[in-house]
Amino acid sequence: MDEKLSRAIEKRRDDLVALTRDLIRFPTVNPPGEAYTPCAEFIAQRLKKSGFETQLIRGEGTPGDTDRYPRTNIVARFDGRTHGQTVHFNSHIDVVDAGEGWTVDPFEGVVKDGKVYGRGACDMKGGLAASIIAAEAFLEVYPDFAGSIEISGTVDEESGGFGGVAYLASKGFFSKPRVDHVIIPEPLNKDRICLGHRGVWWAEIETKGEIAHGSMPFLGDCAVRHMGAVLDAFEKELFPALDKKQTRMPVVPEGAKRSTMNINSIHGGQTDDYSGLPSPNVPDSCRLTIDRRFLLEEDLAEVKREVTSILDRLQWERPKFHYNIRDIMEVQPLMTERDAPVVTAVAQGIRDVFGKEPEYVISPGTYDQKHIARIGLLHDCIAYGPGILDLAHRPDEYVGIEDMVESAKVMALGLKVLLSGSI
Ligand SMILES: [Zn+2]
């Protein structure tokens with residue numbers, strides 16, 4: 001363990017807590033994208049004081065970007081004395097709606113029993129604060145370092161990241177030669193390294209029917225009954241088949257080591273202006289949204305074919321069955337290799353701080369790493385940060401203060417290894 005670095009972080013413990021609380025007090029709720037600009041400006045002011053060059057970059061024209069809700073990102077960079085590698089810490093500043101069930105004010109940053117409470121405490125303002133403290137401590141101990149350090153606070157991760165990391169990646173902010181290594185301090189536990197995530201296919205299936213008076217259904221064609229046949233086939237064939245697919249990816253939790261599919265919603269009949277009264281008609285349309293999570297071993301075209309082959313067969317079996325299918329979102333599964341530099345460096349930090357081997361995991365859901373890989377074409381990227389993933393998006397979300405301090409040490413050590421150019 002690097003004692004100087006460790007002490008430099010320990011003495012910033014109160015600063016780390018204060019910074020986390022300050023960040024929680026910006027209610028950066030998404031949607032709609034509240035308070036992005038003041039939060040980004042606050043981070044910029046902080047990092048300017050520590051010697052960083054800062055830029056505010058608006059995701060112009062991206063989903064949700066308006067003058068009322070500008071998609072304001074902050075990117076800060078500190079260039080060392082000499083040229084070398086660049087390490088980038090990327091955190092999203094947006095949080096989900098607080099929702100019900102809180103016992104404390106979700107935007108106050110209450111400190112209690114060694115924890116900071118608030119919406120975004122673990123996902124991921126605690127991680128952002130820890131990365132800032134890690135960088136500041138590193139700059140104090142190693143002022144003559146070679147290379148560059150970047151810290152960004154980006155928007156809209158919770159809604160797909162289009163105005164945030166995707167936008168910046170399209171402008172070259174997440175590509176070589178500007179950046180070499182990226183650490184995303186998402187809450188995946190302080191002794192775990194997250195290498196990537198499963199793939200996603202969201203789609204909407206619509207069954208078509210024919211409208212008629214509800215008293216004479218034989219004159220029409222019921223789209224809801226057609227959808228019932230679809231669901232029945234999914235239950236009997238698709239779900240059992242998905243359950244059998246196991247991956248070599250170390251996905252957590254255990255249940256997510258298989259292919260999964262959620263039925264997100266189903267809407268049938270004339271309910272668009274639903275008043276509580278039942279529709280008097282035979283429904284001519286029924287829509288179903290599916291969220292299919294797939295594995296590295298699976299091919300997206302095959303994933304789609306599993307669904308469409310069932311729909312095509314029903315077209316033969318059921319007279320008048322017609323369907324449409326529309327893609328909503330596609331994300332390829334991702335896994336950074338274990339011998340990648342950023343993985344090796346952070347693993348070394350975990351060994352030094354905790355005296356044990358890190359656990360390597362894959363997230364069941366996606367996060368901004370997808371844009372860094374797909375748009376930035378940068379693959380030396382992981383998620384590593386304090387906090388417990390299960391607490392994200394829930395009432396009384398919190399982050400442990402000790403967890404933040406320890407993970408800041410890991411980040412600072414990882415930074416030291418990467419900037420030393422030894423791997
Ligand atoms: Zn997050």
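## Strand pairing

Val 116 has Val 399, in strand S18, as its bridge partner. Three bridges connect S18 with strand S5 (residues 115-117), and the two strands run antiparallel. Helices (H or I, at least four residues) and strands (E, at least two) are DSSP runs, numbered from the N terminus. Two strands count as paired if DSSP finds at least two bridges between them.

The model is a predicted one, in which local features need pLDDT of at least 70 and side-chain atom pairs count only at pLDDT 80 or more, while totals for chains, interfaces and linings use all residues. Residues are numbered from 1 along each chain as its sequence is written.

## The sheet and its helices

The three strands form an open sheet in the order S4-S5-S18, with antiparallel pairing. Strand S4 (111-112) and strand S18 (398-400) are the edge strands, each pairing on one side only.

Helix H4 (residues 121-141) packs on this sheet, where it touches S5 and S18, and its direction makes about 45 degrees with that of S18. Helix H10 (residues 401-420) also packs on the sheet and touches S5 and S18, at about 60 degrees to the direction of S18. Axes are lines fitted to C-alpha atoms, for helices over the stretch in contact, and angles run from 0 to 180 degrees between N-to-C directions. Contact requires that the C-beta atoms of two residues, placed from the backbone, lie within 7 Å.

## Domains

The domain assignment, which is automatic or from a database, gives domain 1 (3-197 + 333-420) and domain 2 (199-331). Their C-alpha centres lie 37 Å apart. Eight residues from domain 1 and 12 residues from domain 2 make the contact.
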